[in-house]
Amino acid sequence: MTTPQTVPAPRESDGTSSHPQPPVLRIDALERHFAASGGGTVRAVDGVSITIGRGEVVGLVGESGSGKSTVGRCVVRLDEPTGGTVHINGTDVTHLSRRTLRPLRKDFHLVFQDPSSSLDPRMTIGQIIAEPIRLHRQARGEAVRTRVEQLLGQVGLRPEHADRHPHELSGGQRQRISIARALSCDPDLVVADEPTSALDVSVQASVLNLLADLQRDRGFGCLFITHDLAAVEYLADRIAVMYLGQIVEQAPTAELFAAPKHPYTQALLSAAPVPDPVEQRSRERIVLHGELPSPLDPPPGCRFHTRCPLATERCRTEVPVLRELPGGRQVSCHLVGDDGTAPDAAA
Amino acid sequence: MTEAVLAGAPGTTGEPVLSVRDLSVSFRSDTRTVHAVDGVSYDLRPGEVLAVVGESGCGKSVTSMAVMGLLPPTARVGGSIRLGGRELVGASEKELRKVRGKDIAMIFQEPMTSLNPVLTIGRQIGEVLRRHRGMSRKEARARAVELLDLVGIPAPQRRIEEYPHQLSGGMRQRVMIAIAVACDPAVLIADEPTTALDVTVQAGILEVLQSLRERLGTAIVLVTHDLGVVADAADRVLVMYAGRPVEQAPVHDLFGAARHPYTRGLLGAVLRPGGEGKRRLPEIPGLVPSLDSQPDACTFAPRCGRADDACTGGRPGFMSIAPEAGADAPHRAACWHPYGVDDRTGTESPATTGATDEPTVAARPDQEAGE
């Protein structure tokens, strides 16, 4: 672990407006419940609140079934929330009709995990990137082509790539195309759902570098959804950890890695193997027992109590609330003191 | 190819149970020949874990499929694969069937596609035992319960009556391992066994593999792209690039003093959780070459900062790095200009100068669009 570093304050965009701007994204008590086929309700997302300031990168971390991708899909309205609200740039977009939402769509964009299934194989790269520019009338005629070439340059590709098709490019290059398309209308918010998980190690490094460079230059806010703690540490200012549809801990990145408070966060960090045999073989590993409970019937009390090595009677009955701790952190665990003293799940 | 005796891991002794020599695999179609594996050799001793590492298309999975005799008929396999003294290259399907599941077994990345969805867990484990061990239904059932217990599945008596869809991903992978080790094979090939699993589940699977080699002395070939998994579980590591072996070393030597520029690039590019936080990651410029040709040159040369005429003029042998260490040194690499033993930085990028054969337009990698 390195020494904790101060987290840069949310960056202002160009500063065109003198009064304080609303956050690019405010999610309040978001719920997405599905009716299960056998009756009952799947509580995929169950009361999630996240705020992302201008130019801030927030990592949303969790394992399969935690509901992290559903949060992302609700934000960009690929999925309809069943409760709570989503504000983008201060506008409530939770239940806007497709038609009313359309002009606002230039302000937010999504990058998916698998670029080969999110790019239309019949279109050229140029057409793929130009589509949002034309739809949102950001440019016309020759200016579109110029803009496409500019974007290709920004993601490290050459102008002649515009005339190729997705299958002619490597996985890393295709993900660069997805990023170019996402940035084509200069959005304030980019939702990136596992953008590097399908890529090889060396390609992943270059795509992460690219995202970091562009984020710094363009200053968009970003919700970075991933299961990969190392990738999120590299990009995010702040990290929210999800378990079974709820946020269990939220903290500035360096603080979260230096001293995770929630036993689940501790287990998650201890389980991610470090690529160094000396260090890896001397680490305490917290092995979680039992299965991830079903979101159809989440456990009473703390949702993590069935797998938590430290669970007490109170954890089994009383639902912990997400509390504010000193240092801009939040945690929902009965065992964490109000001053931030946390239990050690490895002990 | 004469092969030196490689030092095994501490506690592993004896003759190799698996010896691969100069293995090559190519696929021929009407228009092209793809050389997927080109000159791979390794030895595996009882109780040893050898990690085979590389990125997509490096040939690590094809190597394993060749060892299992599971390649399609279009594949042309050369070289030698000896399992307990028996040659597998060129063996008939009938002979291979006697070996597979009994002396050598394999687990795959996605357990759901390897398990039969309409048969109970108990039946699927029992099938192997009845076939190779001639057990009765009742004996097989009793042994299946023991095996589920061995791989850490709670309430095995109840679980053997269940179907694959009733289990979580981690539990399914444990069932796959139980099937694989049912006949106590000498060698287990695990091809990306934890890639489809969450990290907290992965930790449990790696512990099961560890306990197998300790309790049963199973030798394991662990095929993975994840250097964190390698650091956790391997005794020795073989790094592959574009179908060829580039470096092989005991795990601590590989991470501590990698000699091949590609290995260094890979180690530099990998993310370290709880590491330096926000920083620029070293990249490896350029793209993996096509496997259509077998150039008499180093295949990494176009992406390597240390490359010169020697690298483009001849293929480097896969040999001991330090001649003074003798021919049987456990650390070897295929490189004309390997890093020295004192270059212990380990994480630097091998090619900062961008030795690509095309002029660079923007100062970013990945732009050589040749595919």
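Reader: What should I know about the numbering and the confidence limits?
Author: Residues are numbered from 1 along each chain as its sequence is written, and chains are lettered from A, with ligands numbered from 1, in the order in which they are written. This is a predicted model, so local features need pLDDT of at least 70 and side-chain atom pairs count only at pLDDT 80 or more, while totals for chains, interfaces and linings use all residues.

Reader: Why is B:S64 called buried?
Author: A residue is buried if 20 or more other C-beta atoms, placed from the backbone, lie within 10 Å of its own, exposed if 12 or fewer, and partly exposed in between. B:S64 has 20 other C-beta atoms within 10 Å, so it is buried. B:S64 sits in helix α1 (residues 60–68) of chain B; helices here are DSSP runs of H or I with at least four residues, strands are runs of E with at least two, and both are numbered from the N terminus.

Reader: Which residues does B:S64 touch, leaving out those up to four places away in sequence?
Author: B:S64 touches B:M106, B:I189, B:D191, B:V221 and B:V223. Two residues are in contact if their C-beta atoms, placed from the backbone, lie within 7 Å.

Reader: What makes A:A29 exposed and A:D186 partly exposed?
Author: A:A29 counts as exposed because it has 12 C-beta neighbours inside 10 Å. A:D186 has 14 C-beta neighbours inside 10 Å, so it counts as partly exposed. A:A29 lies in strand β1 (residues 25–35) of chain A, and A:D186 lies in the loop between α6 and β7 (189–193) of chain A. Neither is a glycine, yet phi is positive: about 45 degrees for A:A29 and near 55 degrees for A:D186.

Reader: Why is α7(B) described as largely enclosed?
Author: Of its 12 residues, 11 are buried, so α7(B) is largely enclosed by the rest of the structure. Its buried residues pack against β6 (104–107), α3 (111–114), α4 (121–133), α5 (137–150), β7 and α8 of chain B.

Reader: How many residues does each chain bring to the contact between A and B?
Author: Chain B brings 44 residues and chain A brings 50. On the chain B side, 21 are nonpolar, 12 polar and 11 charged. Ala, Val, Leu, Ile, Met, Phe, Trp, Tyr, Cys and Pro count as nonpolar, Asp, Glu, Lys and Arg as charged, and the others, Gly among them, as polar.

Reader: Why are α4(A) and α6(A) called roughly parallel?
Author: Angles under 35 degrees count as roughly parallel, over 145 as roughly antiparallel, 65 to 115 as roughly perpendicular and the rest as oblique. The axes of α4 (residues 125–135) and α6 (residues 171–183) of chain A cross at roughly 25 degrees and come within 7 Å, so the two helices are roughly parallel to each other.

Terms used. Axes are lines fitted to C-alpha atoms, for helices over the stretch in contact, and angles run from 0 to 180 degrees between N-to-C directions.
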